[in-house]
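Subject: Structure for you to look at

Hello,

Please find the structure below, with its sequence. My notes on what was found follow after it.

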Amino acid sequence: MLDDRTTAATAWPDAYPQGYAVVDVETTGLARDDRIVSAAVYRLDARGEVEDHWYTLVNPERDPGPVWIHGLTGDMLHGAPLFGDIAGELSERLDGRVLVAHNAIFDWSMIAREYARAERTAPTRQRLCTIALAKELRLPLPNHRLESLAAHFGVVQQRAHHALDDARVLAEAFRPSLHAAARAGVRLPLLECRPLTEWSDSPAVPRIGYQASPGSRGAAHPPYGSPSSYGSYGQRSWRPSRKRPACPHPNPGRYEPGKPLMQGMRVAISGDTSVDRELLEDRAIEAGLHIATSVSRLTSLLVTNDPDAATSKVVKARSYGTPVVDEAAFTQLLRDVAPAAPPAD
């Protein structure tokens, strides 16, 4: 266990946030149209000390999904408050704090969608993924699961997939991680939380994920370190696959730094993004780009906020010499995409 007294004797980084909200949500599934069934928040001060904690069940207004994982039956959730009923209380616990979660893109996306359904806006402006922080600290973990991070810091899990206990475990593991980062002067991997302003419960969006039998290893939370954000630690992404129309433009080749993107370019995206991933992909498609699900020699550009990650897309981009830009640069490039070259006569 790391000794926090060493941190206390040194200057705390001025740029570090003033407070954190360690969050865990359990859900009916992993798709865009799935719902939260329980949520927990541990509020921490600037140095990671626990201030208080909160937990609630949430009526998802639908079947509860993988009961064999989160343990919450339809009868248990029937009398629980709707998300709109607890949104204000949740906002009080998030307001002015950095949202901390393990595989934070999942928790933030589910929360942002629930707020959008309730026609409200989450007060969260930044998030921190403890997987990304563990990578920054180069912790010797066998994988990026919460149980591995907890074991590294000697934290005992009591009820896995119970939102309150998962949040407690993460809070206890986050505190020494935060102090280790402060001692080493590590820049925290903070990402912007942009409120979701576009929402629809389209029936065309497919459900995924829970065809497994009750004895199988499904997940009410995506496998931590899953392909949705930090590499190939599982075979299934939390995001549903959506059939997209074929790009009408031919691929003009690779992106050249300093020049605009051109319609028809094949763009792959890897890792966590500030903007909801599907909205970012939709904007790229509307601009005339082709969104690729993998990287090949034909890929024009890879977009990632973690170019040093060992994901399959990043590794392949390196081997093929595919240009790489971060999300902010890509967003700027989307503003001025050059039209496709006219077909040859």
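To begin with two helices: α9 and α11 cross in a left-handed way, where left-handed means that the near helix is turned anticlockwise from the far one by less than a right angle, and right-handed would be clockwise. Their axes come within 10 Å and cross at roughly 35 degrees. Axes here are lines fitted to C-alpha atoms, for helices over the stretch in contact, and angles run from 0 to 180 degrees between N-to-C directions. From α9, Leu280, Arg283 and Ala284 make the contact, and from α11, Glu327, Phe330, Thr331 and Leu334; contact means heavy atoms within 4.5 Å. Sorted by class, this contact has 4 nonpolar, 1 polar and 2 charged residues. Ala, Val, Leu, Ile, Met, Phe, Trp, Tyr, Cys and Pro count as nonpolar, Asp, Glu, Lys and Arg as charged, and the others, Gly among them, as polar.

Some background before going on. This is a predicted model, in which local features need pLDDT of at least 70 and side-chain atom pairs count only at pLDDT 80 or more, while totals for chains, interfaces and linings use all residues. Residues are numbered from 1 along each chain as its sequence is written, and side-chain values use heavy atoms, with hydrogens and water left out.

The protein chain has 11 helices and 10 strands; these are DSSP runs numbered from the N terminus, helices being H or I with at least four residues and strands E with at least two. Of its 345 residues, 54% are buried, that is, under 20% relative accessible area, with exposed over 50% and partly exposed in between (1.4 Å probe, protein chains only).

In what order do the 4 strands of the open sheet lie? The order is β8-β7-β9-β10, with parallel pairing; two strands pair if DSSP finds at least two bridges between them. β8 (290-292) and β10 (324-325) each have a single partner strand, so they stand at the edges with one side left without a neighbour in the sheet. Helix α9 (residues 277-286) packs on the sheet and touches β7 (266-270) and β8, its direction making about 170 degrees with that of β7. Helix α11 (residues 327-334) lies across β7, β9 and β10, at about 125 degrees to β9. Strand β9 (residues 301-304) runs parallel to β10 and is joined to it by 2 bridges. Val325 in β10 is the bridge partner of Val303.

Last, the salt bridges. The whole structure holds 14 of them, each a side-chain nitrogen of Lys or Arg within 4 Å of a carboxyl oxygen of Asp or Glu. One joins Asp34 and Arg62 (3.5 Å, N to O). Asp34 lies in the loop between β1 (19-27) and β2 (36-45) and Arg62 in the loop between β3 (50-57) and α2 (67-70), so this pair ties together parts 28 residues apart in sequence. Asp34 is buried at 1% relative accessibility, whereas Arg62 is partly exposed at 26%.

Another links Glu114 and Arg35, with the closest N and O atoms 2.9 Å apart. Glu114 is in helix α5 (residues 104-117) and Arg35 in the loop between β1 and β2, so the pair ties together parts 79 residues apart in sequence. Both Glu114 and Arg35 are buried.

Regards
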